[in-house]
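Reader: I am new to this structure and would like to know what the words used for it rest on. Please show it, and then take my questions in turn.

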Amino acid sequence: MSVETTAVAKKSLFTPFNLIATVILIAGLVVTVMRFTGGLGTVTNLDQNNPWGLWIGFDLLCGVALAAGGYTTSAACYLFGLKRYHAGVRPAILTAFLGYALVVFALGYDVGRPWRLPYPIFVQQGTTSLLFEVGLCVMIYLSVLFVEFTPALFEWLGMKKIRNIVVKATLALTILGVILSTLHQSSLGALYTIVPSKLHPLWYSQYLPVFFFVSSICAGLSMVIFEGTLSHKPMHHLMDKEYLDNHDGLILGFGKAASLVLFGYFAIKVIGLAYDNNWHYLATGYGAWFLVEMLGFVALPSFLYAVGVRDKNLTVIRWAAGLTVLGIIVNRFNISMVAFNYQLPAAQRYFPSWGEITISLFVVTIGVLAFRFISTKMPIFYEHPDYKGEH
């Protein structure tokens, strides 16, 4: 396989993807220097009204939600006993680990002094703050994800003893991961319950923690399908028979689960709307956009998932997964930017600068390159020959 991998790497050196990635990395490095030498004002449109912008809305809120495939896949395999999904665990764990690592990396741009990130955890704890709870959970969960990822690393390095020790702790790590994910996914939604006067009533609800947690399950299931679809063609030569044999079954199973969870998410959003009696807002401009989000990015993919599973049509399921991933991004953007500070005049509304967009593209590009590098070198899509049947 190594010979084949080397050959592919040589062929793909000057591909359009590599050239675009190189341009983004160079631009990102330039903006990074500007940010850390000139401050936030040099590269962002943040101000007193909008202290949180694209780096929180996309890099943090979307990043954490879309990385939920790690706990959903490992829970399905190890807690619910659905062993037929085992081949999808390592790609999902790797995606989740890289996603959370890049969330922490991107947070350094907002904080400005990344070396102070551990300060609230180890030096002066704000135990009554939701941000403290989120930070603590993310730190521990990132550590759990790293340990869950290490069997692939140790197999690649030939460290059999320590690899076997980590594998024995898989069930405990999965349970801990599910608990931590439940806590911080919902806490991210709870952060916005403290700004009832700033967030538009159609998106504000005391059920925001529940909305964030349930939607993260939809995001995780859909992201596994979406990421598997993107990886299937360029990394097909790295996938062994077990992965390929179970791939279609995983898509059908996750598609069925995603359809049900999306339907449940749609139902509790309607309940939240009715509980706060916000029906009259639906006749406004924000109401039209709210309906686009609910009908176009929640109800429609739920229906497409159901049709795709009924007809065993993988193409429809893949389109539903892409639509759901886009819908999660739209939802998090609506809450953190579009519907936030909705009462301000247009001139004072926030729109991300080119520097903020560049850094977000920079972070995503690093994640894609890291995933491709690790998947090429380590047993992510195939079983290591020395550990056949031991997983």
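Author: A place to begin is T376, which lies in helix 15. The model is a predicted one.

Reader: Why is T376 called partly exposed?

Author: The relative accessible area of T376 is 23%. Buried means under 20% and exposed means over 50%, so T376, at 23%, counts as partly exposed. As for its place in space, T376 and Y207 are 169 residues apart in sequence and 42 Å apart, C-alpha to C-alpha.

Reader: How do you know that the length of helix 15 agrees with its number of residues?

Author: Helix 15 has 24 residues, and at 1.5 Å a residue these should span 34 Å. The C-alpha atoms at its ends are 34 Å apart, so the span agrees.

Reader: Which residues of helix 15 are buried, and what covers them?

Author: The buried residues of helix 15 include G355, E356, F362, G367, F371 and S375. Among the elements that cover the buried residues of helix 15 are helix 2, helix 4, helix 8 (130-157) and helix 11 (208-232).

Reader: Which residues of helix 2 are buried, and what lies over them?

Author: N18, A21, I24, G28, V31, T32 and R35 are the buried residues of helix 2. Their cover includes helix 3 (40-43), helix 4 (54-66), helix 6 (89-111) and helix 15 (354-377). After helix 2 comes G39, with a positive phi near 90 degrees.

Reader: What makes V103 a buried residue?

Author: V103 has a relative accessibility of 5%. The limit for buried is under 20%, so V103 counts as buried. V103 belongs to helix 6. Leaving out residues up to four places away in sequence, V103 touches D59, L60, G63 and V64. R113 is 10 residues from V103 along the chain, and their C-alpha atoms are separated by 15 Å.

Reader: What makes A190 count as buried?

Author: The relative accessibility of A190 is 12%. Since buried means under 20%, A190 falls in that class. A190 lies in helix 10, residues 170-190. Apart from neighbours within four places in sequence, A190 is in contact with L130 and P209. A190 and S129 are 61 residues apart along the chain, with C-alpha atoms separated by 11 Å.

Reader: Why is K312 called exposed?

Author: K312 has a relative accessible area of 62%. Exposed means over 50%, so the word applies to K312. K312 sits in the loop between helix 13 (285-311) and helix 14 (314-338). Although K312 is not a glycine, its phi is positive, about 50 degrees.

Reader: Is N341 buried or exposed, and how do you know?

Author: N341 is at 2% relative accessibility. Buried means under 20%, so N341 is buried. N341 is in the loop between helix 14 and helix 15. N341 has a positive phi of about 60 degrees and is not a glycine.

Reader: What makes N49 partly exposed?

Author: N49 has a relative accessible area of 31%. The position of N49 is in the loop between helix 3 and helix 4. With residues up to four places away in sequence not counted, N49 touches N341, L344 and Q348. From N49 to H184 there are 135 residues in sequence and 25 Å in space, C-alpha to C-alpha.

Reader: How do you know that the protein chain agrees with a compact globule?

Author: For 391 residues, a compact globule would have a radius of gyration near 21 Å. The protein chain has 21 Å, so it agrees. Its C-alpha atoms fill a box of roughly 60 × 55 × 45 Å along the principal axes.

Reader: How many helices and strands does the protein chain have, and what percentage of its residues count as buried?

Author: The protein chain has 15 helices and 0 strands. Of its 391 residues, 49% count as buried.

Key:
Residues are numbered from 1 along each chain as its sequence is written. This is a predicted model: local features need pLDDT of at least 70, side-chain atom pairs count only at pLDDT 80 or more; totals for chains, interfaces and linings use all residues. Side-chain values use heavy atoms; hydrogens and water are left out. Helices (H or I, at least four residues) and strands (E, at least two) are DSSP runs, numbered from the N terminus. The radius of gyration is taken over C-alpha atoms; the globule rule is 2.2 Å times the number of residues to the power 0.38. Buried means under 20% relative accessible area, exposed over 50%, partly exposed in between (1.4 Å probe, protein chains only). Contact means heavy atoms within 4.5 Å. The expected span of a helix is 1.5 Å times one less than its number of residues.
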